[in-house]
Amino acid sequence: MNEISLDTLGMTIAGLRGGSKSGKRCLCIHGWMDNAASFVPLQAAMPELDMVALDLPGHGKSDHFPAGHHYHLIDQVAYVLAAADALGWDDFNLVGHSLGGCIAPFVAVAAPERIKNLIMLEALGPVTEPAEELPARVKRASVAMRQDSNRLKRVYASIDDAVEARMLATRMQRASAHLIVERNLRLADGAYVWAYDSRLRSPSSSYLTEEQVLAVLGAVSQQTLCVLATDGYLLKREPSKRRIDALMHAAVVEVAGHHHMHMDDPEASAGAIRTFLLHN
């Protein structure tokens, strides 16, 4: 995949593009603390598609938000659509993994005339909280927001050391972790530090309620493919069935693996996506 740079809403969104420009367009959104490189294995397994993978703001090689701003899930919708504008894409298939799959349904309802099909990989919408949890969340977030400027970045002597740290946090193959980590690092004084915006690790100031997420999923009019990992986060979660049932046109495919199954075993996810796009 080749590097791209898109001017969107006063900031630069970086990304990767690969495949056939005559193929079906797929705009891909990665997970939290990941980046565009998380779609490199999947693109290699589907070279017939025109695949663009974005670095969301604050991730990978994209710009960070200015001081005083924070990263809210719904705010990302405008940047995804602005990236599509910069590509000159009037319509496209939308693919989201994890956080990207939490954002994707909101993009689908924000611009239904542009999103041809929706594909969610290990995602069924965002984490929710009961409404009564909001006061305590606002308090925690406001404290964290004031402390962000004092947060120290972790330093690593080598890329391999950073890969080891990432693998302690997420079950995934080393090759997959290396792809993500290498794009998320920068050199500083002879050592490696994370290039992502440290504010991404701050607690959100608000969560949606389950009723709100179900309302959004229920408003998705596109044909939707949900690819879920047998050892991932969602198949055993109680709300997952309700969320799938809320979608108007949902197909569910289970594939072996963990949360990053689309990287560890891209052929399985690619097969499900290829079959889905062939019929939609």
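These legends describe close-up views of a predicted model.

**View 1**
The C-alpha atoms fill a box of roughly 50 × 45 × 40 Å along the principal axes. The radius of gyration is 18 Å. A compact globule of 280 residues would have a value near 19 Å, so the protein agrees with that expectation.

**View 2. An open sheet of three strands.**
The strands run in the order β7-β9-β8. Their pairing is antiparallel. Two edge strands, β7 (155-156) and β8 (185-188), each pair on one side only.

**View 3. The pairing of β8 with β9.**
Strand β9 covers residues 191-194. Four bridges join β9 to β8 in the antiparallel sense. Look for Leu185, which stands opposite Trp194 in β9.

**View 4. Helix α2 packed against helix α3.**
Two packed helices are described by the angle between their axes and the distance between the axes. Here α2 spans residues 76-87 and α3 spans residues 99-110. Their axes lie 9 Å apart, at an angle of about 65°. Angles of 65 to 115 degrees count as roughly perpendicular, so α2 is roughly perpendicular to α3. The crossing of α2 past α3 is right-handed.

**View 5. The residues where α2 meets α3.**
From α2 come Gln76, Val77, Val80 and Leu81. They meet Ile103, Phe106, Val107 and Ala110 in α3. Which kinds of residue make up this contact, nonpolar, polar or charged? Seven are nonpolar, one is polar and none is charged.

How values were computed
Residues numbered from 1 in each chain as written. Predicted model: local features only at pLDDT ≥ 70, side-chain atom pairs only at ≥ 80, totals over all residues. Heavy atoms only, no water. Pairing = 2+ DSSP bridges. Axes fitted to C-alpha atoms, helices over the stretch in contact; angles between N-to-C directions. Parallel < 35°, antiparallel > 145°, perpendicular 65-115°, else oblique. Left-handed = near helix turned anticlockwise from the far one by under 90°. Contact = heavy atoms within 4.5 Å. Nonpolar A, V, L, I, M, F, W, Y, C, P; charged D, E, K, R; others polar. Rg over C-alpha atoms; globule rule 2.2 N^0.38 Å.
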